[in-house]
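I set out to record what could be looked up in one protein model. The entries follow the order in which I made them.

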Amino acid sequence: MAFQIDGARVLITGAASGIGLACAEAFAARGATLILSDIDPEALRREGARLNARTTIACNISSAEDVAQLAQEVQRTTGGVDVLINNAGIGYLGAFEDTSIAEWQRVIDINVIGMVRVIQAFLPAMRASGRAGSIVNVASTAGFAPTASMAAYAASKHAVVGLSEVLAMELHDTPIRVTMVAPGIVNTNIVKASRNLSPGIRPAQIERLQTYYDKKGCAPDVIARDIVRGVERGVPLVRSGPYARLLCTMMRLSRRIARRVAINSSRDIGFLAAAKS
Ligand SMILES: NC(=O)c1ccc[n+]([C@@H]2O[C@H](COP(=O)([O-])OP(=O)(O)OC[C@H]3O[C@@H](n4cnc5c(N)ncnc54)[C@H](O)[C@@H]3O)[C@@H](O)[C@H]2O)c1
């Protein structure tokens with residue numbers, strides 16, 4: 001039976017921009033009750049008001065205190081969630097040899113431990129309610145078939161794939177479905193955050209990457225529409241946007257060919273060889 005989105009309480013992390021914001025719009029259009037959260041309080045307030053969200057709660061998912069407060073606030077204002085969309089995350093660009101342990105830790109702390117923390121904060125109440133529910137973990141095509149200069153990001157998204165797969169198995173006999181999402185190239189603010197670049201990345205490389213995204217990327221609402229459909233149908237894996245399906249399939253069929261394609265596209269964007277030249 002299809003999951004009923006109309007009237008469902010949907011919590012989205014990282015809801016003030018990009019894919020999270022597009023999800024908020026798509027779920028609102030289907031009659032969901034929005035509970036929006038983001039680390040950026042101003043953008044969150046603005047978008048929450050525009051979308052008539054039931055509640056907006058500023059939260060840094062890498063802070064245990066913030067996440068505990070988020071869970072308390074959600075319980076108080078809406079009595080719980082039916083759909084939990086773990087979308088908040090950061091990108092990180094940098095050759096392996098230019099990425100410090102501190103940056104590895106920051107990426108893993110947000111993209112992996114942050115997600116784990118949020119799931120741990122909400123899963124017990126979701127299970128106790130006995131209601132049909134959905135947990136959506138936004139991974140990336142990089143969690144299956146990465147390109148060069150993204151070791152920390154790719155590792156974090158591989159971890160999201162692994163934890164989602166195991167969580168899905170453990171919740172198999174419950175009314176809660178787990179959907180992992182592998183978006184391809186999506187035009188959002190993710191490539192614009194200079195904080196998430198290693199010192200070895202040059203402005204010319206960023207310009208080339210931005211041009212590549214502008215040319216090949218899709219709008220975030222493409223991903224949001226597929227996520228809504230994935231939740232409705234309880235789909236285990238949503239591959240969405242340019243190259244997502246192709247790259248994931250290619251990696252499954254031949255790692256050798258997938259790697260060759262990734263090397264070529266890394267060179268095209270200027271993230272291989274150029275990084276050290
Ligand atoms: N854009 C792409 O091409 C692409 C491709 C694959 C996967 N993704 C994934 O999609 C998700 C959303 O990314 P996006 O492209 O929409 O980027 P974005 O930068 O437009 O949006 C990310 C949102 O997350 C918030 N955020 C960042 N750190 C946070 C934290 N510690 N706590 C709470 N909120 C935080 C930001 O404020 C922002 O509003 C990420 O997990 C990203 O890895 C993006």
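Entry 1: I began with Ala182, and I asked which residues are in contact with Ala182, leaving aside its neighbours within four places in sequence. The list holds Ser140, Thr141, Phe144, Leu237, Val238, Arg239, Ser240, Ala244 and Cys248; contact means heavy atoms within 4.5 Å. Ala182 itself lies in strand S6, residues 176–183. Helices (H or I, at least four residues) and strands (E, at least two) are DSSP runs, numbered from the N terminus. I found Ala182 to be buried, at 0% relative accessibility. Here buried means under 20% relative accessible area, exposed over 50%, and partly exposed in between, with a 1.4 Å probe and protein chains only. I also looked up Ala182 and Ile223, which are 41 residues apart along the chain and have C-alpha atoms separated by 9.1 Å.

**Entry 2: the source.** I noted that this is a predicted model, in which local features need pLDDT of at least 70 and side-chain atom pairs count only at pLDDT 80 or more, while totals for chains, interfaces and linings use all residues. Residues are numbered from 1 along each chain as its sequence is written, and side-chain values use heavy atoms, with hydrogens and water left out.

**Entry 3: the whole protein.** I counted 9 helices and 7 strands in the protein. Does the radius of gyration agree with or depart from that of a compact globule? For 277 residues such a globule would have a value near 19 Å, and the protein has 18 Å, which agrees. The radius is taken over C-alpha atoms, and the globule rule is 2.2 Å times the number of residues to the power 0.38. Along the principal axes, the C-alpha atoms fill a box of roughly 55 × 40 × 30 Å. I recorded 51% of the 277 residues as buried. Of the contacts between residues at least 6 apart in sequence, 71% join residues at least 24 apart.

**Entry 4: charges.** I found 31 positive and 23 negative side chains, and the centres of the two sets lie 7 Å apart. Lys and Arg count as positive and Asp and Glu as negative, without His and the chain ends.

**Entry 5: a residue in strand S5.** I turned to Asn137, which is placed in strand S5, residues 133–138. Is Asn137 buried or exposed? Asn137 is buried, with a relative accessible area of 0%. Beyond its neighbours within four places in sequence, the contacts of Asn137 include Asn86, Met115, Ile119 and Val160. Between Asn137 and Val160 there are 7.2 Å from C-alpha to C-alpha, and they are 23 residues apart in sequence.

**Entry 6: two loop residues.** I looked up Ser149, which has a positive phi of about 65 degrees although it is not a glycine. Ser149 sits in the loop between S5 and helix H5 (151–170), and at 8% relative accessibility it counts as buried. Tyr243, also not a glycine, has a positive phi of about 70 degrees. The loop that holds Tyr243 runs between strand S7 (237–240) and helix H8 (244–253). At 36% relative accessibility, Tyr243 counts as partly exposed.

**Entry 7: aromatic rings.** I found 1 aromatic pair in the structure. Phe96 and Trp104 form this pair, which is edge-to-face, with 6.2 Å centre to centre and 75 degrees between the planes. Rings of Phe, Tyr and Trp (its six-membered ring) pair if their centres lie within 6.5 Å; planes under 30 degrees apart count as stacked, over 60 as edge-to-face and the rest as tilted. Phe96 is exposed, at a relative accessible area of 57%.

How values were computed. Charge placed at Lys NZ, Arg CZ, Asp CG, Glu CD.
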